[in-house]
Protein chains: 2
Amino acid sequence: MKIISNIKDMQTRCLAARAAGQTIAFVPTMGFLHEGHLSLLREGRERGDLLALSIFVNPTQFGHGEDLDRYPRNFERDESLARECGVDLIFYPNAEAIYPADYATYVTVEGPLTTTLEGTCRPTHFRGVTTVVAKLFVIVQPHVALFGRKDFQQLAVIRRMTLDLNLPVEIVGMPIVRETDGLAMSSRNVYLAENERKQALALIDTLGLSVQMVRDGERNVSKVLESARQRLHVEPDLTIDYVKICHAQTLAEVETVDQESVMLLAVSVGKTRLIDNGSILC
Amino acid sequence: MKIISNIKDMQTRCLAARAAGQTIAFVPTMGFLHEGHLSLLREGRERGDLLALSIFVNPTQFGHGEDLDRYPRNFERDESLARECGVDLIFYPNAEAIYPADYATYVTVEGPLTTTLEGTCRPTHFRGVTTVVAKLFVIVQPHVALFGRKDFQQLAVIRRMTLDLNLPVEIVGMPIVRETDGLAMSSRNVYLAENERKQALALIDTLGLSVQMVRDGERNVSKVLESARQRLHVEPDLTIDYVKICHAQTLAEVETVDQESVMLLAVSVGKTRLIDNGSILC
């Protein structure tokens, strides 16, 4: 396993691998790897001759007052986990190389895909995501890139960007990996105090309860959402950013639940922001 | 010479050429080729094993009320000129393929490089240019791409975008090719009536006069520009969009002429918009 910080070195290495006929699988991350990331790496190991992992806490996707400075980092632990998953190349650039002083170029997906849900609470978030992912795709030159479905909207935005820019990359969305009690794996879970950790289970509980309502015959989105909000409001330290039921591809809000409907939730528990989602008619 | 309209076909062909170790030289154009374009193709022929030309009148770089609909086109003539220059592949997509109905992604260079000069008169122009050039680079996968220096600001913007997005493409800026009387070659020159064609020579005349002033010792930009405007105002059907002297890389306006100074002009002669530029201290 090789660790490469220099952009040109990484790109040269990846272009050479491509020219040699190797298939490149790529998992872009912000590090502090958990089982969710590892599931992507294991799938990537199956799909690529060369497996590349990037670790980069991308400043442009954090808003003012968000947790850029305290975002958890542990490169040595990540390195050892990557080695266990059979990673060939870790790309580990610094922010000054990715965004030099006179940096000026942004890749933006416009319209409802980026202005709803996370885009409402975090107006510059997706601009940061699409810019860095476009750059990483150009540097790493992957044939296939793997993303977790926990960031459901991010996955939709990246699919749109990849298609629109004609990037020759297959985008694979992988299932959410959860703790045994159902909390979706997230690097941010370490922020949670014990009492908050318990309240965070309201997310998976709400998803389960909503699925059950639909299974019992309810198709009216307003009624499902009302019940979801009631469940979330039980937790004293939990505030709702949004709870919505949307079309899985367009992310447009729907009025009636169908096969394509996904429930998306964003809440804060204490100071920690958490998201989750799931199909609502399974 | 092969003509390819399908995006996937073009990309597959170019990726295969790259994998086979071929160097790809690329000249993106809006067609209606003139000697300026041909000089790029001849240089491209020297630099690439495979020479690709794209012909695409890009709607996103035209503003409301600009000349998208009447922009001159002549594919058969372009095809025969391309053949004479040794082009291997013409990429000739249609607008619906490049921008499908649900298209949403734009590449933008932010800041002074795109808000001054052409950016003032044409606020969405460079967004259209950088978006289509990024897409074309991803489709054609060139090692080297050639642009004319007549679109001086465009060249600076594309250099910035290429660097920022880490695109592994060498950007080559080629000298302006002029008619024997000095008018810069442009597909739009066909719009000019005979009387306008004569007045359009004020551009090269103004550039020559300004260079002479500087050669005679004048370094004060205001004085050079005042004299330039006076010369342009002589023409009854010519209106000035801008005449500026800027730093060649940053395009920031300067107060004193030095080695890095470029004069940039944009005027309308009748209904035809023309631009030109030149180093002012040679």
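Strands E9 and E10 of chain A form a hairpin with two residues between them, and A:Gly270 in the turn has a positive phi of about 60 degrees. Helices (H or I, at least four residues) and strands (E, at least two) are DSSP runs, numbered from the N terminus. The model is a predicted one, in which local features need pLDDT of at least 70 and side-chain atom pairs count only at pLDDT 80 or more, whereas totals for chains, interfaces and linings use all residues. Residues are numbered from 1 along each chain as its sequence is written, and chains are lettered from A and ligands numbered from 1 in the order in which they are written.

**The antiparallel sheet of chain A**

Strand E9 (residues 261–269) of chain A is joined to E10(A) by eight bridges, and the two run antiparallel. Within this pairing, A:Leu265 has A:Asp276 of E10(A) as its bridge partner, and A:Ser268 stands opposite A:Arg273 in E10(A). Two strands are said to pair if DSSP finds at least two bridges between them.

**The parallel sheet of chain A**

Strands of a sheet pair through backbone hydrogen bonds, either parallel or antiparallel. An open sheet with parallel pairing has six strands, in the order E1-E4-E3-E2-E6-E7 (chain A). Strand E1 (2–4) and strand E7 (170–174) of chain A are the edge strands, each pairing on one side only. The twist of this sheet averages 25 degrees from one strand to the next. E1(A) runs parallel to strand E4 (residues 89–91) of chain A, and three bridges join them. A:Ile4 stands opposite A:Phe91 in E4(A).

Helix H8 (residues 152–164) of chain A lies across strand E6 (144–148) and E7 of chain A, at about 170 degrees to E7(A). In the loop between E7 and helix H9 (194–199) of chain A lies A:Glu179. A:Glu179 counts as partly exposed because it has 16 C-beta neighbours inside 10 Å. A residue is buried if 20 or more other C-beta atoms lie within 10 Å of its own, exposed if 12 or fewer, and partly exposed in between, with C-beta atoms placed from the backbone. A:Glu179 and A:Glu35 are 144 residues apart in sequence, yet 8.9 Å apart in space, C-alpha to C-alpha.

**Two helix pairs**

Two packed helices are described by the angle between their axes and the distance between the axes. The table gives these values for one pair in each chain.

| Helix pair | Angle | Axis distance |
|---|---|---|
| H7 (residues 125–140) and H8 of chain A | about 50 degrees | 10 Å |
| H10 (residues 202–215) and H11 (residues 221–233) of chain B | roughly 150 degrees | within 9 Å |

H7(A) and H8(A) are therefore oblique to each other, while H10(B) and H11(B) are therefore roughly antiparallel. Angles under 35 degrees count as roughly parallel, over 145 as roughly antiparallel, 65 to 115 as roughly perpendicular and the rest as oblique.

In chain B, strand E2 (residues 24–29) runs parallel to E3(B), and six bridges join them. The bridge partner of B:Pro28 in E3(B) is B:Ser54. Strand E3 (residues 50–55) of chain B is mostly covered, as six of its six residues are buried. B:Leu50, B:Ala52 and B:Ser54 point one way from E3(B), and B:Leu51, B:Leu53 and B:Ile55 point the other way.

The largest nonpolar core has 143 residues, and those with the most contacts inside it include B:Ala52 and B:Val140. A nonpolar core is a set of buried Ala, Val, Leu, Ile, Met, Phe, Trp, Tyr and Cys residues joined through C-beta atoms within 7 Å. Not counting residues up to four places away in sequence, B:Val140 touches several residues, among them B:Ala52, B:Ser54 and B:Phe91.

Key
Two residues are in contact if their C-beta atoms, placed from the backbone, lie within 7 Å. Axes are lines fitted to C-alpha atoms, for helices over the stretch in contact, and angles run from 0 to 180 degrees between N-to-C directions.
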